[in-house]
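Hi,

Here is the structure I promised to pass on. Have a look first, and my notes follow below.

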Amino acid sequence: MKPLAWYDPTNGMVSTDKDSPLFTPLGQVLPLYTQRTWAGLTDQKIEMIYAVTIKIRKKDIMPGEQKMFAKTIQECLRKKNTCQDPNHPSH
């Protein structure tokens, strides 16, 4: 993800240009990013993941195997929320 702007903490200036003359010479500028809205999973997507998880295991998920299902959900959410393209097929 590219920075939206740059911030110079020594003088409090912000600019979209990293080499802006507004910044303190030899000062450290920090990148500023936009905050993305968290994208969750629909009930349909959760049911699909659950069905695939059961199919892979070829049996019902036992209480000790719930962790695998939860980790699968977590991985899907991580992918959905780190992808730069909201129209990506994995969404």
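On the buried side are Phe69, Ile73, Leu77, Lys80 and Asn81. Looking down the α2 axis, these buried residues fall within an arc of 100 degrees, so they line one face of the helix (the arc is taken from the directions from helix axis to C-beta atoms).

A word on the source: this is a predicted model, where local features need pLDDT of at least 70 and side-chain atom pairs 80 or more, while totals for chains, interfaces and linings use all residues. Numbering runs from 1 along each chain as its sequence is written, and side-chain values use heavy atoms, leaving out hydrogens and water.

Back to the core: Leu41, Ile49, Phe69, Ile73 and Leu77 form the largest nonpolar one (buried Ala, Val, Leu, Ile, Met, Phe, Trp, Tyr and Cys joined through side-chain atoms within 4.5 Å). Helix α2, residues 66-82, gives the most to this core, with 3 residues (helices are DSSP runs of H or I, at least four residues; strands are E, at least two; both numbered from the N terminus).

There's also an open antiparallel sheet of 3 strands, ordered β2-β1-β3 (strands pair if DSSP finds at least two bridges between them). β2 (13-15) and β3 (30-32) are at the edges with a single partner strand each, so one side of each has no neighbour in the sheet. Strand β1 (residues 5-8) pairs with β2 over 3 bridges, and Tyr7 stands opposite Val14 in β2.

Cheers

Note on methods
Buried means under 20% relative accessible area, exposed over 50%, partly exposed in between (1.4 Å probe, protein chains only).
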